[in-house]
Amino acid sequence: MAKPRLFWVVFAAMLVPCLVMNLRTAPRIEELAGGARLLEMRLTGYSFDEARGFVTTIGDEGARLYLDVQLWLDMAFPLLLGVVLFLGYRWLFPGRPGRIIGTISLGSILVEYLENAAVAAMLRAGADGMTPQMAATANFWTTTKWGLAFVGAVTLLVGIALRLRRR
């Protein structure tokens with residue numbers, strides 16, 4: 001069974017950037033931010049003032065860590081997560097439904113990359129160069145990402161329930 005083996009290899013690879021981000025880089029950036037959550041981790045989004053305050057508080061050290069490490073890890077993670085979800089949906093929803101749902105789930109990768117680009121633009125601009133439009137764009141992609149994540153989680157739970165019911 002090559003597909004289950006492929007799933008577990010990609011799953012293990014996905015854990016590497018996930019763990020590094022969640023155990024090392026994100027906590028350090030949040031420490032520099034005085035305990036404030038990373039912008040991309042705010043499920044309900046953020047305002048211009050919140051984004052500007054965050055960028056001000058993390059300073060140059062936090063911005064460098066965010067741009068040079070966190071966002072690079074966050075480029076690998078969504079791609080690997082997308083493959084894990086695609087393979088998982090294909091298993092949970094056999095045939096055409098799995099291919100359709102799996103393919104749709106890959107759109108979340110694009111949203112994540114757009115969010116990363118918008119956050120990077122704010123970090124590069126700095127607190128003084130950041131505009132309300134920059135924050136609004138980044139916030140849009142962040143809330144869209146979390147909305148898609150919610151739909152994806154519900155879809156996975158339905159797929160698991162259906163799979164268990166078939167047994």
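**From the whole to the pocket**

Tutor: Of the protein's 167 residues, 38% count as buried, meaning under 20% relative accessible area with a 1.4 Å probe and protein chains only (over 50% is exposed, in between is partly exposed). The model is predicted, so local features need pLDDT of at least 70 and side-chain atom pairs count only at 80 or more, while totals for chains, interfaces and linings use all residues. Residues are numbered from 1 along each chain as its sequence is written, and side-chain values use heavy atoms, without hydrogens and water.

Five helices and zero strands make up the elements, in the order α-α-α-α-α from the N terminus; helices are DSSP runs (H or I) of at least four residues, and strands are E runs of at least two. Along the principal axes, the C-alpha atoms fill a box of roughly 55 × 25 × 20 Å. Among contacts in the protein with a separation of 6 or more, 76% join residues 24 or more positions apart, a contact being heavy atoms within 4.5 Å.

A pocket is an open set of points on a 1 Å grid where a 1.4 Å probe fits, with protein on both sides within 12 Å along at least five of seven lines, and lining residues have an atom within 4 Å of a point.

Who lines the largest pocket? There are 31 lining residues, and Leu81, Leu85, Ser108, Lys145 and Ala149 lie nearest the centre. At least two lining residues come from each of α1 (2–32), α2 (48–92), α3 (96–105), α4 (107–129) and α5 (132–166). The largest share, nine residues, is supplied by α5.

Lys145 also leads us to Glu40, which touches Lys145 as well as Tyr66, Gln70, Leu71, Asp74, Glu115, Asn116, Thr142 and Trp146, leaving aside residues up to four places away in sequence. Glu40 sits in the loop between α1 and α2, and Glu40 counts as buried because its relative accessibility is 3%. From Glu40 to Trp141 the distance is 8.9 Å, C-alpha to C-alpha, although they are 101 residues apart in sequence.

Asn22 belongs to helix α1 and is partly exposed, at 43% relative accessible area.
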